[in-house]
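User: Hi! Could you walk me through this one?
Analyst: Happy to, here it comes.

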Amino acid sequence: MGNVMEPQSSIHTLQAEIDALKTQLEEANDTLDAIRTGQIDALVVKGDDGHALYTLRSADHTYRIFVEEMTEGAVTLNAAGIILFSNAQFAAMVRQPLSKVLGCPFIQFVAAADRPLFEQVLSAAWQDSAKREEVLLGDMESLPVQLSLKVLDFDGDKTLSMIITDLTQQKKTEEELKHKNEQLEALNNALLSSNHDLQQFASVASHDLQEPLRKIQVFSNFLMERSYHALTDSSKQYIDKIISASNRMKTLIVDILTYSRLSANDAQPGVVNLQRLVDEILEDFDLKIVEQHAVIDVGELPVVEGNRGQLRQVFYNLLSNALKFSTPGSKPYISVTAKPVKAVELGVALLNEEEYCHISIRDNGIGFDEKFAYAIFSLFEKLHHKSTFEGSGIGLAIAKKIIDKHHGLIIAKSAPGKGSEFSIILPLKQTNLR
Amino acid sequence: MTITRVVLVEDDPDDRDMFYSFFSSRKHLKLLPAMANGVELVEYLQNLGADEALPDLIILDQNMPMMNGRQTLAFLKANERFANIVAVIYSTYADSNLIIECKKLGAGMVAVKPITEEGYLKMMDNFLQLVRK
């Protein structure tokens, strides 16, 4: 290249020229290797009429490495659908050595059933340039893949490049997700219907139980009113027991009904002035308060959003308990106080921006062992013997359910003989929590 | 003193007996034959001739077969001829839903069935006050 031979050159110069040519050959071989392994993007070659720039088609080094390394298959097809280029990943997908893949029509790797679809997509891609479709590769152990097709134009020479994404994992995940969703839905339906049945049962049972119970009450009352004088002392005792047991049962049934109905209806929350609410309840307890010489201290209570009837029930039940479980021989002292709390101060359970109030109802009554602090909110849980304290054991369960429905918390603290404290943490607004 | 004509619509024989034992001897009350459910009452009322006197007070039990108290009340209030008769509901249980619904339909009162004689007498006094108004 460019060297001019002179006839009169000596062996020495000839030898030197041979060495120079050898070096040039080595350089040329290196260049070829570099081109083959993708290390070169362009060559500048000195020719007879100056330098010429030779760039390599699709030889962008970074992209070549990228295409080889990526987890997707990548192929380039010519207009006849023959594979001109394939990365190793695609060859692995179709379980063929790379050498057998090159030069083959791509369609032979597509599952027979998907071949008409592939041909459609292929011709559409040639026309519109970009397409996406899911097909199966291979017939025996078929592989779901997504094809992304794009026509590339190199100096008027068009090829179609295709990225092949293995969808096996995605399909598996989709399948699992679908399965899990179906399970969840079935469980949810079962839960809904069992909840409905339970409510239905509680409501029907309570209603229907009340009729025969009322008969027992009516006729034992008649016996009491009309024939009491004619009864022996032991018979009088029996009548008294029948009357008090049936009255207790009436309370139980009404409370179960109340409890079951709490699940059923969801009224829109209204504005509830807790101060006025507590004052009203204390009026109801007027007689009891006077009888027991009870002192009740009510601090400033906030206005909250909620169901007035339900919240009234909560305070009614708690205040009624505080009066009921008073220490024999001492005056009941009950305080109802409130202070504002921010959600963040309450810790993880209530992680939002809402503002809450902390209402405390404290008494100096008989109290209870703190290990029961959770159990007392369960249905029918009674810590005290029924002859000592009347009631159904549903009152606190009702209170808890109502507070739960108001997105709040109710906590009991106590020690035997030390009185008890019920803390209610209630959001001021319900609107954002529904 | 005017005589008040009363119909009790009640399927429970014990409750019917009790009612009659308390009130059949009252001079200013005329207890018409008791009806076992709303269907019987409707039939009775529709068979009354134009010249015959309608009852002044209809006491409806809520829980009855065929046609319950609430349904019977709805029929009465929708019927021009019977709409002005004082109709009351009495029931073993009366939750707020029932009370609100029956009041809307035009019940004069929704009462819980008493369990003592005293309770019955009071209830009847309340019903009769409605008739007099």
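Analyst: B:Val6 stands opposite B:Leu31 in E2(B). This is a predicted model, where local features need pLDDT of at least 70, side-chain atom pairs count only at pLDDT 80 or more, and totals for chains, interfaces and linings use all residues. Residues are numbered from 1 along each chain as its sequence is written, while chains are lettered from A and ligands numbered from 1 in the order in which they are written.

User: Thanks! How do E1 and E2 of chain B pair, and over how many bridges?
Analyst: Strand E1 (residues 4-9) of chain B pairs with E2(B) in the parallel sense, over three bridges. Two strands pair if DSSP finds at least two bridges between them.

User: And in what order do the strands of the sheet come?
Analyst: The order is E2-E1-E3-E4-E5 in chain B, five strands in an open sheet with parallel pairing. Strand E2 (29-31) and strand E5 (110-112) of chain B each have a single partner strand, so they stand at the edges with one side lacking a neighbour in the sheet. From one strand to the next, the twist averages 25°.

User: Switching to helices: at what angle do H3 and H4 of chain B cross?
Analyst: Helix H3 (residues 69-78) and helix H4 (residues 96-105) of chain B cross at roughly 15°, and their axes come within 9 Å. Axes are lines fitted to C-alpha atoms, for helices over the stretch in contact, and angles run from 0 to 180 degrees between N-to-C directions. H3(B) and H4(B) are therefore roughly parallel to each other (angles under 35 degrees count as such).

User: Which residues meet there?
Analyst: From H3(B), B:Arg70, B:Leu73, B:Ala74 and B:Lys77 meet B:Glu101, B:Cys102 and B:Leu105 in H4(B). Contact requires C-beta atoms, placed from the backbone, within 7 Å. The residues of this contact divide into four nonpolar, no polar and three charged. Ala, Val, Leu, Ile, Met, Phe, Trp, Tyr, Cys and Pro count as nonpolar, Asp, Glu, Lys and Arg as charged, and the others, Gly among them, as polar.

User: How many residues does each chain put into the contact between A and B?
Analyst: Chain B gives seven residues and chain A nine residues. On the side of chain B that touches chain A, two are nonpolar, two polar and three charged.

Definitions and conventions
Contact = placed C-beta atoms within 7 Å. Helix = DSSP H or I, 4+ residues; strand = E, 2+ residues; numbered from the N terminus. Parallel < 35°, antiparallel > 145°, perpendicular 65-115°, else oblique.
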